[in-house]
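Keep the structure open as you read.

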Amino acid sequence: QSAKLYYNFTLKAGTYSVFAFVKCEEDNDDSLIMAVNGAQVQVANDFKLTGGEYKAFRIGSITLAQDGTYTLQILGREDGLAIDRFVITTKSIWTE
């Protein structure tokens, strides 16, 4: 059974990038599905990292048609993917 993460958030209408801080056990464990309010938005994979440190990856973008509260769902496709945190932002490139 792959991991599932659900997060309710409130934002204004607009387009946002979603970044996840991930690490993988093996190269075959590196994909996830992102959905908003149950509708699949993006499949992210091929992070090309194993073990070690968490690293930020842009897993997709979401466009919200109106101000409101939404549910972000991140669903692991394999069982070796670990997510430390995620960020929803107007930035398209992550800098720490």
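**From the surface inwards**

The protein's accessible surface comes to about 5,800 Å², and carbon and sulfur atoms account for 44% of that. Bear in mind that what you have on screen is a predicted model.

Now for the overall build. Along the principal axes, the C-alpha atoms fill a box of roughly 40 × 30 × 15 Å. A compact globule with 96 residues would have a radius of gyration near 12 Å, and the 13 Å of this protein agrees with that. Of those 96 residues, 34% count as buried.

**A strand residue and a loop**

Let's zoom in on Q73, which you'll find in strand β6, residues 68-76. Is Q73 buried or exposed? Its relative accessible area is 14%, and because the cut-off for buried is under 20%, Q73 counts as buried. The side chain of Q73 reaches the backbone nitrogen of G38 at 2.8 Å. Leaving aside neighbours within four places in sequence, Q73 is in contact with L5 and Y6, and also with I33, M34, A35, V36, N37 and G38.

One of those contacts, N37, deserves a look of its own. N37 lies in the loop between β3 (31-36) and β4 (39-45). What is the phi of N37? It is near 50 degrees, a positive value in a residue other than glycine. N37 has 48% relative accessibility and counts as partly exposed.

Next, head over to strand β5, residues 55-64, where S61 sits. S61 is partly exposed, with a relative accessible area of 27%. If you want a distance to check on your screen, S61 and A44 are 17 residues apart in sequence and 11 Å apart in space, C-alpha to C-alpha.

L64 is in strand β5 too. Its relative accessible area is 5%, so L64 is buried. Which residues does L64 touch, once those up to four places away in sequence are left out? They are F9, L11, K12, A13, G14, Y16 and Y70. Pick L11 from that set: L64 and L11 are 53 residues apart along the chain, yet their C-alpha atoms are separated by 8.2 Å.

**Ending on β7**

The last stop is T89, in strand β7, residues 81-89. With 14% relative accessibility, T89 counts as buried. A polar atom of the T89 side chain lies 3.1 Å from the backbone nitrogen of K91. Setting aside neighbours within four places in sequence, T89 is in contact with Y16, S17 and F19.

Methods
Residues numbered from 1 in each chain as written. Predicted model: local features only at pLDDT ≥ 70, side-chain atom pairs only at ≥ 80, totals over all residues. Heavy atoms only, no water. Helix = DSSP H or I, 4+ residues; strand = E, 2+ residues; numbered from the N terminus. Buried < 20%, exposed > 50% of the residue type's maximum accessible area, 1.4 Å probe, protein only. Polar contact = N/O pair within 3.5 Å; in protein donor to acceptor, adjacent residues only side chain to side chain. Contact = heavy atoms within 4.5 Å. Rg over C-alpha atoms; globule rule 2.2 N^0.38 Å. Areas by Shrake-Rupley, 256 points an atom, 1.4 Å probe, with all protein chains shown as cover.
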